[in-house]
Amino acid sequence: MMFYTLVRKDLLLEFRAKEIIIPMFAFGLAIIMIFALSFNASQAINHAFSPGLLWIIILFISSLGLNRMFVLEKEFDAFTLTLAAPVDRGIIFLSKAISGTILLLIAEILIIPPFIIFMNLTIPSDWHIMVLILLIGDLGIMSIGAIVSGLSMRAKLSEMLLPILFFPLVSPHIIACVKSTNYWFKGLSFINWQSWIFLMISFVLVFFLLGFMIFEYITEE
Amino acid sequence: MYTINNIYKSFYHRAILEDISFKVNQGDMIALLGKNGIGKSTLLRILGKISQPDKGTILYNDANIYKEKAIARKGILYLGHDVGLYPSLSALDNLKFACAIHGKKNKDSSIISTLNQLGLSNRMNDQIQIFSKGMLQSLKYALADLIEWNILFFDEPFSYLDLKGRKSAQDYIDKWIENSKTMIFATHDPQWSLLYCSRLLLLDNRKILFDQKTNDIDINKIVKILR
């Protein structure tokens, strides 16, 4: 119940402020345009590079979204309202990771169609597998991101600290996301690349558990 | 009901609080006085579990608030110096959320009625980022009225309030005194403290200089220390 209340508040904040999804979409679209116009490559080359490019875009926009999510908590010292309430800090972490995942998924729904169009891609018919890859990928990114954002939000120069900590920590997970997307894109049978999915799921579980356990300590002054 | 034992706190290797210990009993209304930067807000943030002390323990109904599960802190309400509400949400949404995370389900009508008492009901759907500082301060009283709490930590309760706002705030405080509520106020107003509070706690030079019942205190002595 408390978890639902916190997720609802995060989504309501975005619904009212519109400070996360629109900047994520605008930034993502700008990177797509840069990639599409600067490469000017054949469809075969675009196909080879697009899984990596897609996850780079997702990584950049997620870092932007995470920063905004926690800035909204810092304004008016609003986070103290949640911190002072009788709510387990682990639940606060879970709500942040899940609401972040929901917002990232919405941004991806807006970004992926122009990515397909501008990169001139043809999508395999079993697209539901890609939805699964995106979901697990986003859960991993946001679980790591919520820990790092929690750590950096009370620090000086938090805007700089977030990418410095976030990118190295999330890179193994992103590599697994790129590999999975690449194999799916090539049409290989799932059995041949399921280990990458399992690796992604492991990341999600480890960082969700870690965040749940340590968020208590990283949010205190 | 609240026992503070040997609290130490420093920021960037600079000691702010040293060996702070005192007990808060049911029905105590304590004024926390001290010069600017002496550590009043820091102490309240530690008591409200926003900030972690370097050393020491805080027991609320015999439960260590830094070790026990969050539910052990039910009944504690912290209202800081800053607004402590979400600027992009409306007054109504903020209060609904605040009540929900404190485990209190309020109907919209009761929230609107409280906002009405504070003269804010006509602005309840506005985002609070366009509110004046006084209106934001009044919102804190709405929050304290709607949530069921046993102990309140309130940092500078009269900041930014105009005469009408101050009157409403005082009415709420009088109501809480009548109901024998337990409260700690960080304030710069020794006269108000001596008039309304039952105990006065004065911080100076990182420690509690004195902790006395207000009817034993000479105001001139306080003013002299605070100057």
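This is a predicted model: local features need pLDDT of at least 70, side-chain atom pairs count only at pLDDT 80 or more; totals for chains, interfaces and linings use all residues.
Reader: Which residues touch the most other members of the largest nonpolar core?
Author: A nonpolar core is a set of buried Ala, Val, Leu, Ile, Met, Phe, Trp, Tyr and Cys residues joined through C-beta atoms within 7 Å. Buried means that 20 or more other C-beta atoms lie within 10 Å of the residue's own, exposed means 12 or fewer, and partly exposed falls in between, with C-beta atoms placed from the backbone. The largest core holds 124 residues. Those touching the most other members are L32(B), L139(B) and I184(B).

Reader: Which helix gives the most to this core?
Author: Helices are DSSP runs of H or I with at least four residues, strands are runs of E with at least two, and both are numbered from the N terminus. The top contributor spans residues 89–118 of chain A and supplies 11 residues. That is helix α5 of chain A.

Reader: Which residues is L139(B) in contact with, leaving aside neighbours within four places in sequence?
Author: Two residues are in contact if their C-beta atoms, placed from the backbone, lie within 7 Å. Neighbours within four places are left aside. The partners of L139(B) are then L85(B), A91(B), L120(B) and I128(B).

Reader: How many residues does the contact take from chain B?
Author: Chain A gives 23 residues to the contact between the chains.

Reader: Which helix of chain B gives the most to the side that touches chain A?
Author: The leading helix runs over residues 91–101 of chain B. With 5 residues on that side, it is α2.

Reader: By class, what does the side of chain B that touches chain A have?
Author: Ala, Val, Leu, Ile, Met, Phe, Trp, Tyr, Cys and Pro count as nonpolar, Asp, Glu, Lys and Arg as charged, and the others, Gly among them, as polar. That side of chain B has 13 nonpolar, 9 polar and 7 charged residues.

Reader: In what order do the 4 strands of the open sheet of chain B stand?
Author: Strands pair if DSSP finds at least two bridges between them. The pairing in this sheet is antiparallel. β2 (14–24) and β5 (63–64) of chain B each have a single partner strand, so one side of each is left without a neighbour in the sheet. The order is β2-β1-β4-β5.

Reader: Which residue stands opposite Y2(B)?
Author: Strand β1 (residues 2–11) of chain B runs antiparallel to β4 (residues 55–60) of chain B, joined by 5 bridges. In β4(B), the residue opposite Y2(B) is Y60(B).

Reader: In what order do the 6 strands of the open sheet of chain B stand?
Author: This sheet has mixed pairing. Its edge strands, β6 (76–79) and β10 of chain B, each pair on one side only. From one strand to the next, the twist averages 15°. The order is β6-β7-β8-β3-β9-β10.

Reader: Which residue stands opposite I30(B)?
Author: Strands β3 (residues 29–33) and β8 (residues 182–186) of chain B run parallel, with 4 bridges. The residue in β8(B) opposite I30(B) is I184(B).

Reader: How far apart do the C-alpha centres of domain 1 and domain 2 of chain B lie?
Author: The two domains touch through 10 residues of domain 1 and 10 residues of domain 2. Helix α5 (residues 163–178) of chain B gives the largest share of the domain 1 side, 4 residues. The centres lie apart by 24 Å.

Reader: Is Y12(B) buried or exposed?
Author: Y12(B) lies in the loop between β1 and β2 of chain B. Its phi is positive, about 50°, although it is not a glycine. Because 5 other C-beta atoms lie within 10 Å, Y12(B) is exposed.

Notes:
Residues are numbered from 1 along each chain as its sequence is written. Chains are lettered from A and ligands numbered from 1 in the order in which they are written. Domain bounds come from an automatic or database domain assignment. Axes are lines fitted to C-alpha atoms, for helices over the stretch in contact, and angles run from 0 to 180 degrees between N-to-C directions.
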